[in-house]
Amino acid sequence: MESGPLISIGLPIALFIIMIGIGLTLTGRDFHQVTVKPAGALIGTLAQIVLMPAAAFALAWLLELPPAMAVGLVIIAACPGGTTSNLFTLLARGNVALSIVLTVSASMITIMTLPVFTNYALQLYYGAGQDISLPFGKTVMMLSVIVLLPVAIGMVLRAVQPALASRAEGIVSIFGGVVLAALVVGIIYGIRDRFLELLIQAGPATIALNLLGIALGLLTTRLVGLGKREALAVATELGIKNGTLGLMVTLTLLHSSDMSVPSAIYGVIM
């Protein structure tokens with residue numbers, strides 16, 4: 001899948017709308033509940049920002065992934081939780097307020113950390129002489145516009161028109177799923193001649209990353225004495241990633257179909 005107008009323009013717009021959906025789920029009460037007991041938010045955010053990328057680097061080394069697959073795995077690992085993580089937390093009877101706050105906090109922090117991990121992975125797997133890089137300033141600015149701004153818009157809409165926000169929340173969630181599905185189909189079609197080869201290369205690593213994220217969420221929360229509902233929220237948040245953001249970075253900023261494969265596969269299996 002080449003980075004044409006549909007990807008370079010349409011994908012950021014779609015992600016902007018999806019992030020508004022996260023904002024539509026937020027109220028001041030959500031933040032208050034978590035600030036009273038901040039341990040879950042601190043552990044969950046730290047696990048998302050540090051442990052997941054570390055796990056991706058370890059898996060890339062252990063499985064001896066090709067450079068493009070290794071960089072793509074690090075990128076999806078460094079992405080924040082996806083919008084559907086809140087729904088899965090609700091279905092699992094976890095702490096939904098904690099899940100929502102983790103999604104937002106990780107989204108805000110990864111604006112800075114995602115380009116750092118990506119550029120480190122590019123240098124590590126392609127060498128110092130590589131001509132592929134993620135422009136830090138441009139990336140931070142773009143992520144700020146399509147992550148922070150829409151979340152703020154969603155929160156304002158929720159505060160001003162709560163009934164409308166409740167109806168729109170479900171529509172935006174469905175839209176997010178449709179966009180991710182369409183991207184996955186488009187990527188698979190674009191690399192159809194090498195799809196099986198890339199699937200064999202990236203499939204085990206993405207499945208392992210997904211399961212490792214869930215295990216890390218359950219383990220870290222229980223080690224610090226948090227309850228089952230908090231453990232479920234953190235585990236789900238680590239397992240469900242913002243695959244659309246990973247695809248935007250690989251397709252729009254890095255212009256690499258190969259690097260987008262781990263995000264696409266993760267989006268399917270998560």
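**Exercise 1.** Find which residues touch the most other members of the largest nonpolar core.

*Solution.* Keep in mind that this is a predicted model. The largest nonpolar core has 48 residues, and L73 and L209 touch the most other members. Next, look at where the core comes from: helix 4 (residues 67-78) gives the largest share, 10 residues. Now zoom in on L73. Skipping residues up to four places away in sequence, L73 touches A56, L59, A60, L65, A205, T206, L209 and P262.

**Exercise 2.** Work out how helix 3 is oriented relative to helix 6: roughly parallel or roughly antiparallel?

*Solution.* Start with the geometry: helix 3 (residues 39-62) and helix 6 (residues 96-126) pack at about 25 degrees, and their axes are 9 Å apart. Angles under 35 degrees count as roughly parallel, so helix 3 is roughly parallel to helix 6. As for handedness, helix 3 passes helix 6 in a right-handed crossing. Then check who meets whom: the helix 3 side includes G40, Q48 and F57, while the helix 6 side includes L98, F117 and Y125. Sorted by type, the residues of this contact are 14 nonpolar, 7 polar and no charged.

**Exercise 3.** Decide whether Q48 is buried or exposed.

*Solution.* First, locate Q48: you'll find it in helix 3. Buried means under 20% relative accessible area. Q48 has 1% relative accessibility, so Q48 counts as buried.

Methods:
Residues are numbered from 1 along each chain as its sequence is written. This is a predicted model: local features need pLDDT of at least 70, side-chain atom pairs count only at pLDDT 80 or more; totals for chains, interfaces and linings use all residues. Side-chain values use heavy atoms; hydrogens and water are left out. A nonpolar core is a set of buried Ala, Val, Leu, Ile, Met, Phe, Trp, Tyr and Cys residues joined through side-chain atoms within 4.5 Å. Buried means under 20% relative accessible area, exposed over 50%, partly exposed in between (1.4 Å probe, protein chains only). Helices (H or I, at least four residues) and strands (E, at least two) are DSSP runs, numbered from the N terminus. Contact means heavy atoms within 4.5 Å. Axes are lines fitted to C-alpha atoms, for helices over the stretch in contact, and angles run from 0 to 180 degrees between N-to-C directions. Angles under 35 degrees count as roughly parallel, over 145 as roughly antiparallel, 65 to 115 as roughly perpendicular and the rest as oblique. A crossing is left-handed if the near helix is turned anticlockwise from the far one by less than a right angle, and right-handed if clockwise. Ala, Val, Leu, Ile, Met, Phe, Trp, Tyr, Cys and Pro count as nonpolar, Asp, Glu, Lys and Arg as charged, and the others, Gly among them, as polar.
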